[in-house]
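Open the structure in your viewer and keep the selection tool at hand. The stops below say what to select next and what is there.

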Amino acid sequence: MTYRPRTLYEKIWDDHVVETRDDGTALVYIDRHLVHEVTSPQAFESLRNQGRPVRRPELTLAVPDHNLPTTARLDERGARIPIADPQSAAQLAALEKNAPEFGIQYIDASDVNQGIVHVVGPEQGFSLPGATIVCGDSHTASHGGLGALAFGIGTSEVEHVLATQTLLLRRSKSMEINVTGALGAGITAKDLILHIIGQIGAAGGTGYVIEYRGPVFEAMSVEERLTVCNMSIEAGARAGLIAPDETVFRYLKNRPMAPAGAAWDAALAYWKTLTSDAGAQFDKSVTIDASTVEPTVTWGTSPEDVVAIGGNVPAPASFADPSKQEAAQKSLDYMGLEAGQRIDEIAIENVFIGSCTNSRIEDLRAAADILKGRKIAGNVRWAIIVPGSGLVKAMAEDEGLHTIFTDAGFEWREPGCSACLGMNPDKVPAGERCASTSNRNFVGRQGPGARTHLVSPAMAAAAAVAGHLTDVRELD
Amino acid sequence: MQAVKSIEGKAYPFGAKNIDTDVIISAEWLKTISREGLGEGAFESLRAGGDSVFDDPQYAGAPILIAGDNFGCGSSREHAAWALLDMGITAVIAPSFSDIFSGNAFKNGIITVVLPQEHIDRLIEVAQDNPIHVDLENQVVTTPFQDRFTFDIDPFRKHCLMHGLDEVGLTLERDEHIASHETQRAEKLSWMTAGTQTQSERHA
């Protein structure tokens with residue numbers, strides 16, 4: 001067989017193809033499946049109706065996250081506090097019943113291991129380099145930060161994976177995003193990925209799997225890589241990944257669900273082959289100069305609507321595409337902003353630090369660095385910090401971060417998706433503005449009429465202190 | 001899923017770009033454990049203004065939606081496809097779709113037709129007062145005028161749509177191949193199934 005250089009994506013793909021049909025559709029084996037309460041009940045119901053079992057229950061892990069309130073879960077006597085919303089309670093109860101019925105491991109809401117699925121997977125060592133990982137949630141792209149091929153699926157596909165441990169897929173095109181040079185002081189992974197989405201657009205990655213390449217990513221911690229890959233979907237790419245290296249291997253070693261002993265050695269030998277070969281062909285290449293990235297915020301209602309903190313709200317007429325001009329005007333109307341307004345003068349009433357994008361320990365440390373010895377501004381009505389998992393929460397408390405947060409005027413919550421998606425009780429009121437470390441600034445995303453500005457944890461903390469969006473590097 | 005060969009009728013002349021699945025169906029509606037009844041919540045934030053095409057009685061019950069670039073971007077929620085289906089929409093025509101949404105639509109018997117922007121512009125003009133015809137078998141969209149816009153569709157998806165096939169059932173027929181892959185996998189990637197316990201279970 002002649003040697004053909006392959007991309008990292010092709011290597012993982014090739015090792016998971018069960019068979020390829022004549023029409024080019026491939027049956028692809030799935031190694032890891034994360035399940036949460038919102039996108040799974042209809043899938044379990046279908047299995048039950050058809051009398052179909054789960055093929056490999058040990059490869060699926062169920063964790064509630066989207067619908068859980070982030071207030072206390074147990075009372076003083078250790079009894080479960082009932083969930084007020086009957087529909088949310090019923091949906092959570094369905095997962096708690098479905099998981100054991102189908103033999104799937106379930107992490108309860110009051111377990112220290114509970115958290116947002118995309119925080120839990122890597123943290124437990126359930127998510128591994130070279131694995132195919134799916135979940136009924138588009139931010140499954142996160143796990144690409146470990147060098148996994150990870151992507152979101154719909155409920156019908158959740159059912160398909162449960163029943164067959166496979167998916168019918170067509171191979172995506174491949175895109176490399178090369179980031180050259182180094183990020184400036186105070187510039188984070190979140191600023192970089194927002195900048196990248198601004199460059200390629202919200203549909204720029206549609207049909208592609210992105211590989212992020214270059215020294216900036218090699219220098220990143222696993223937490224930062226997860227943040228970058230998490231938002232691949234906001235550029236339209238179903239998956240984004242970064243070649244695994246010593247940083248990833250160190251992170252995974254001794255994680256509870258990661259391979260151990262001889263299995264670890266075998267895994268490591270395989271993982272070290274997971275890089276794009278020299279000369280591998282990508283369908284598209286994009287180059288970004290890291291030195292041009294500033295602290296970045298969104299001004300509109302699409303994640304592509306980004307601007308540097310020192311900039312101004314753009315005029316709709318500044319866009320070449322007439323349909324984008326119309327969309328920009330609608331965004332400005334919804335956001336209550338005027339073209340030309342200075343970004344760093346936009347006042348905010350709410351601050352949310354959390355979500356699968358930015359709720360890991362490093363994110364909380366970055367926020368604590370800013371908040372230490374400071375107070376939130378008088379006009380900030382609601383400021384919450386929601387750790388990504390019970391383990392992150394415990395670690396933060398060991399380091400004393402929670403007292404820094406509460407001293408500054410933040411609420412310190414229980415793990416979950418919280419104010420990222422306007423589903424559980426954590427919502428931003430209509431017409432109010434929120435500096436948010438989450439991933440989507442869509443119309444109504446944080447609650448009907450809520451206005452979202454996506455930022456990094458440090459920038460969210462700085463906005464809380466200043467009472468308006470501000471350059472974290474210039475905070476008094 | 002029901003077999004579908006062609007769809008003819010009124011079409012919502014919508015056309016907006018980057019319509020995300022939060023706009024199609026907001027999170028508040030995702031608390032359901034059923035697939036039914038989501039049409040009521042579809043496009044809620046747009047309908048709130050009272051002047052959207054979805055409020056116009058002229059298009060009520062239309063089986064076709066004409067949309068803009070990147071339709072269905074964002075969240076993977078299949079509720080977006082269920083909401084459209086509950087409204088009676090079984091075909092969406094747009095210049096591009098998000099990958100996850102088009103997969104979800106297909107699995108619920110909704111045809112996603114990709115046409116270039118100039119054809120979309122023409123269809124929006126025609127749909128103001130005239131029906132549109134989506135012919136899956138011949139892969140063409142026609143109007144009562146001379147318009148004939150051919151489109152590409154994945155042959156596997158076309159086959160499943162036209163015969164109303166259950167994908168899970170089809171894959172279960174390949175059980176032998178899946179089992180043989182699992183055997184190879186157990187040799188080559190033996191470490192992949194090594195650990196499956198959480199911290200608290202290990203300590204239990």
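Start in chain B of this predicted model and select B:His79, B:Ala80, B:Ala81, B:Trp82, B:Ala83, B:Leu84, B:Leu85 and B:Met87, which are the buried residues of α3(B). The helix itself runs over residues 79-87, and eight of its nine residues are buried. Just past the end of α3(B), pick B:Gly88, where phi is positive, at about 100°.

Next, select B:Ile64. Its contacts beyond four places away in sequence are B:Ile7, B:Gly9, B:Ala11, B:Ile89, B:Ala91, B:Ile93, B:Ile132 and B:Val134.

Now widen the view to the largest nonpolar core, which has 209 residues. B:Ile64 is one of the residues with the most contacts inside this core, along with A:Val351, A:Ala367, A:Ala463, B:Ile66 and B:Ile93. Helix α15 (residues 457-466) of chain A gives the largest share of the core, nine residues. Domain 1 (6-165) and domain 2 (174-202) of chain B both contribute residues, so the core lies between them.

Last stop: where the two chains meet. Here 54 residues of chain B are in contact with 71 residues of chain A. On the chain B side, the elements giving two or more residues are α1, α4, α6 (155-163), α7 (167-172), α8 (175-188) and α9 (199-203). Select α4(B) to see the element that gives the most, five residues. By type, the chain B side divides into 15 nonpolar, 23 polar and 16 charged residues.

Key. Residues numbered from 1 in each chain as written. Chains lettered and ligands numbered in written order. Predicted model: local features only at pLDDT ≥ 70, side-chain atom pairs only at ≥ 80, totals over all residues. Buried ≥ 20, exposed ≤ 12 C-beta atoms within 10 Å, placed from the backbone. Helix = DSSP H or I, 4+ residues; strand = E, 2+ residues; numbered from the N terminus. Contact = placed C-beta atoms within 7 Å. Nonpolar A, V, L, I, M, F, W, Y, C, P; charged D, E, K, R; others polar. Core = buried A, V, L, I, M, F, W, Y, C linked by C-beta atoms within 7 Å. Domains from an automatic or database assignment.
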